[in-house]
Each structure stands twice: as structure tokens, then as C-alpha cells.
Amino acid sequence: MKQFLMIAMAAVMLTVGASSAAAQSKTAPKSVIHVVTVKWKAGTTPAQIKAALDGVQALPAKYKGITRVWTNSIKVQGGKANAFVMEFKDEAALKAYADSPAQKEWYGVYLPIREESTTFDITN
């Protein structure tokens, strides 16, 4: 009897775990969040930083694979000065963005003033 209860309990736990994972996969977005933290080069002006961040804000109009952006850094750690986020429709849109005309145009403003950056690409 004790062995039967243990088996039944294990079966219930597996069922709950499987249904929880299935529910999460149905509601989890397939978009990709591209998180970038930036340290600017010495001597970079506030106007140059604003132009670079304004360029991030303009990207969804120039590249349809970007659905949303965030540029208002509330808290940044690790020696960085700013952070920004781009949300891509999916992983394919992120991959296609590399070397796209939109990226190349924005890099003309961004790369000359970027000392270093750290990037995380996150999805479900």
C-alpha cells in the first residue's frame, strides 16, 4: 500500500509539472530581448550620447524586426554609464539585423563614442 501511494504521488507530481511547463510554453513570448550596457569613451559629450540613444529609439522605424526599445537607464552597474534594450520579433530577426542597413547607419553614430559594451540576448 505504501509503495502504491508513493507511485501515485510521483504520478501526480509529474502531471502537475508537465501541465505547468505546457502552460508556460503557451504564454512565454518568442521574442528576443537584446540588452546592452555601455561605457562611453572619455570626452564623449551629453549631446553625442543623446544622439546615440535617439538612434536606438529610431531603429524600429528603420528595421521592422525590432518591435520595441528602451533607453532610459534608471540604474546601471559595473562601470557602465547607460543601458538600452531592443526587443526583436524573434531570433531570426535578431540574426538578420547584423550588418543590416539600419544597424550600419546607427553604428555610424554609436561606435565612434563607445568604449566598451556588454550584450545579453535573451529569449524563452
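Five residues, W40, F84, W106, Y107 and Y110, form one aromatic cluster. The structure is a predicted model, in which local features need pLDDT of at least 70, side-chain atom pairs count only at pLDDT 80 or more, and totals for chains, interfaces and linings use all residues. Residues are numbered from 1 along each chain as its sequence is written, and side-chain values use heavy atoms, with hydrogens and water left out.

## Aromatic pairs

Rings of Phe, Tyr and Trp (its six-membered ring) are taken as a pair if their centres lie within 6.5 Å; planes under 30 degrees apart count as stacked, over 60 as edge-to-face and the rest as tilted. The count under this rule is nine aromatic pairs. One of them joins F84 and Y110, which is edge-to-face because the planes stand at 85 degrees, with the ring centres 5.9 Å apart. This pair links distant parts of the chain, since F84 belongs to strand β3 (residues 82-88) and Y110 to helix α4 (residues 101-110), 26 residues apart. Helices (H or I, at least four residues) and strands (E, at least two) are DSSP runs, numbered from the N terminus.

W106 and Y107 form a tilted aromatic pair, with 5.6 Å from centre to centre and 45 degrees between the planes.

How far these residues are covered is given by relative accessible area: buried means under 20%, exposed over 50%, and partly exposed in between (1.4 Å probe, protein chains only).

| Residue | Relative accessible area | Class |
|---|---|---|
| F84 | 1% | buried |
| Y110 | 2% | buried |
| W106 | 6% | buried |
| Y107 | 28% | partly exposed |

## Helix α4

In α4, the residues A102, Q103, W106 and Y110 are buried. These residues lie on the same side of α4 because they cover an arc of only 90 degrees around the axis, where the arc is that of the directions from the helix axis to the C-beta atoms. The exposed residues P101, K104 and G108 are carried by the face of α4 turned away from its buried side. The buried residues of α4 pack against β1, α2 (46-62), β3, α3 (91-97) and β4 (114-122).

P101 itself lies in helix α4 and is exposed, with a relative accessible area of 68%. Its C-alpha atom is separated by 8.5 Å from that of K62, although P101 and K62 are 39 residues apart along the chain.

The loop between α3 and α4 contains D99. D99 is exposed, at a relative accessible area of 56%. Its phi is near 70 degrees, a positive value in a residue other than glycine. Most residues other than glycine have a negative phi.

## The sheet

Strands of a sheet pair through backbone hydrogen bonds, either parallel or antiparallel. Here, four strands make an open sheet in the order β2-β3-β1-β4, with antiparallel pairing; two strands pair if DSSP finds at least two bridges between them. The edge strands are β2 (66-70) and β4, each of which pairs on one side only. On average, neighbouring strands of this sheet are turned by 20 degrees against each other, direction ignored. Axes for such angles are lines fitted to C-alpha atoms, for helices over the stretch in contact, and angles run from 0 to 180 degrees between N-to-C directions.

The antiparallel pairing of β1 and β3 extends over seven bridges. V36 stands opposite F84 in β3, and F84 is also a member of the aromatic cluster.

T37 lies in strand β1 (residues 32-40). With a relative accessibility of 18%, T37 counts as buried. Contact means heavy atoms within 4.5 Å. Leaving aside residues up to four places away in sequence, T37 touches K80, N82, A83, E116, S117 and T118.

## The chain as a whole

The chain has four helices and four strands, and from the N terminus on its elements run α-β-α-β-β-α-α-β. Buried residues make up 30% of the 124 residues. Among contacts between residues at least 6 apart in sequence, 74% join residues at least 24 apart. The chain exposes about 8300 Å², of which carbon and sulfur atoms supply 62%. Accessible areas come from the Shrake-Rupley method with a 1.4 Å probe; for residues, only the protein chains shown count as cover.
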